[in-house]
Amino acid sequence: MQYYSLNKQSPVVGFKEATIRGQAPDKGLYFPERIPAVDRDLIDDIEKYSNEEIAFRVIQPYVGDAIPANELLRIVAETINFDIPLVPVTDAIYSLELFHGPTLAFKDVGARFMSRCLGHFVQEDPARPGNGKVIVLVATSGDTGGAVANGFYNVDGVEVVILYPSGKVSSVQEKQLTTLGNNIHALEIDGSFDDCQDMVKKAFADSDLQQRLFLTSANSINVARWLPQQFYYFLAWKQWKEKQQPPVICVPSGNFGNICAGMLAHLSGLPVQHFVAACNANNTVPEFLSTGHYQPKKAVATLSNAMDVGHPSNFVRILELFHQQLGDLKKVLASYSVTDEQTKDTLREVYNNYKYLTDPHGAVGYYALQQWLKAHPGQKGIFLETAHPVKFYDVVEPVINEKVPVPAAVEQIMDLPKQSTRMNAEYEQLKQYLLK
Ligand SMILES: *Cc1c(COP(=O)(O)O)cnc(C)c1O
């Protein structure tokens with residue numbers, strides 16, 4: 001498979017180069033030259049396949065000969081070595097629980113796949129700038145950092161530098177990205193997530209830095225993080241009982257990488273009734289769908305902070321999937337903006353009525369799905385429960401007036417000391433840090 005840059009000013013590259021670079025030299029996102037169709041029997045008889053086989057068959061055309069089949073099979077097996085259950089909440093609403101991985105959020109899937117691919121490529125040819133060391137540079141609004149840190153922890157030849165907005169991630173999230181140490185370095189930035197993302201973008205655009213260091217990104221723009229997110233849409237289909245009536249799929253969305261992977265899976269043959277992008281107060285995409293006007297904004301802080309994104313970086317990929325035709329896109333995608341009040345009410349009501357506890361992001365998804373289903377009676381749907389409620393216990397506990405039980409994995413890290421470097425939101429400071 002070849003990948004082109006969405007800015008169309010850089011040469012096409014294979015999977016390996018696209019993974020290593022993260023972003024094309026013209027700063028565009030990489031995009032596959034064609035969308036492979038999955039075999040019909042993988043859809044019709046999906047229950048017959050193991051999760052690993054499904055994942056392997058979905059990703060193999062994208063990887064091509066960049067990774068040998070047996071190695072790729074190992075990588076996908078390690079990527080999804082935890083449960084991804086589809087749990088009924090009501091007659092019409094199911095939760096796809098994506099929080100059973102090591103950092104309790106869906107980003108574990110992309111981060112584990114990417115770290116293992118990169119590890120494979122670094123071993124293959126260590127002769128690059130930076131004395132054979134890769135620096136993975138990433139900005140996080142919360143969950144990326146922990147997933148990336150965990151995915152890359154102790155991977156030989158890789159140093160990870162994570163920028164996060166000070167005071168704007170939950171205490172569990174902060175612990176997950178600041179307590180590992182070793183090859184994992186956390187930078188606490190006095191600014192917003194968009195500031196962090198800007199600093200990272202500047203580093204990738206800095207040719208002086210590029211010549212001295214071997215930098216790559218692990219943000220959701222990286223194809224090796226974006227593409228494996230298709231896996232769990234297929235795993236949801238495997239567990240979906242009413243095959244004659246495909247589900248509506250509702251995805252709590254920030255940078256729109258997750259939902260974009262779902263739409264890619266759909267264009268490859270996965271049956272989906274409709275997609276719903278659930279947003280918090282950061283409503284750039286819902287506004288675009290209703291007005292036809294794309295107006296990026298400054299991010300505003302909400303209770304679902306991993307979706308506090310005013311300029312979603314993956315949205316250009318969604319437009320490309322539909323050849324920039326808004327009309328075609330709207331046949332497949334709807335989007336709602338959900339307030340913090342509605343988020344809290346939903347969390348409380350779903351817990352009280354159905355004894356199902358969502359996290360704030362899942363609650364945004366639940367609310368948006370419910371809106372869609374109200375307008376389309378008879379349909380049934382799935383919302384993606386993107387994180388474990390305990391990651392946001394500071395929001396969840398006052399709403400339900402109860403303690404959220406703490407999984408053992410979290411309990412362990414809460415007592416470990418935070419290791420981070422505080423920094424202003426200034427690119428020069430980041431550059432100096434990277435060079436030393
Ligand atoms: C990152 C994240 C999202 C948003 O996913 P995108 O791919 O950026 O749209 C939603 N929920 C949680 C818990 C997240 O960590």
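Biologist: Where is Ile-67 found in this predicted model?

Modeller: Ile-67 belongs to the loop that lies between helix H3 (51-63) and helix H4 (69-79).

Biologist: Is Ile-67 buried or exposed?

Modeller: A residue counts as buried when its relative accessible area is under 20%. Ile-67 has a relative accessible area of 2%, so it is buried.

Biologist: Which residues does Ile-67 touch, leaving aside those up to four places away in sequence?

Modeller: Contact means heavy atoms within 4.5 Å. By that criterion Ile-67 touches Phe-15, Leu-72, Ile-75, Cys-117, His-120 and Phe-121. One of these, Cys-117, is 50 residues from Ile-67 along the chain, and the two C-alpha atoms are separated by 8.1 Å.

Biologist: Let us turn to the sheet. In what order do its six strands lie?

Modeller: The order is S3-S4-S12-S9-S10-S11, in an open sheet with mixed pairing. Strand S3 (86-88) and strand S11 (333-337) are the edge strands, each pairing on one side only. From one strand to the next, the twist averages 25°.

Biologist: How many bridges join strand S10 to S11?

Modeller: There are five bridges between S10 (residues 274-279) and S11, and these strands run parallel. Among the residues involved, Ala-277 has Ser-335 in S11 as its bridge partner.

Biologist: Which strands does helix H12 touch where it packs on the sheet?

Modeller: Helix H12 (residues 257-267) touches strand S9 (248-252), S10, S11 and strand S12 (381-385). The direction of H12 makes about 175° with that of S10.

Methods:
Residues are numbered from 1 along each chain as its sequence is written. This is a predicted model: local features need pLDDT of at least 70, side-chain atom pairs count only at pLDDT 80 or more; totals for chains, interfaces and linings use all residues. Side-chain values use heavy atoms; hydrogens and water are left out. Two strands pair if DSSP finds at least two bridges between them. Helices (H or I, at least four residues) and strands (E, at least two) are DSSP runs, numbered from the N terminus. Axes are lines fitted to C-alpha atoms, for helices over the stretch in contact, and angles run from 0 to 180 degrees between N-to-C directions. Buried means under 20% relative accessible area, exposed over 50%, partly exposed in between (1.4 Å probe, protein chains only).
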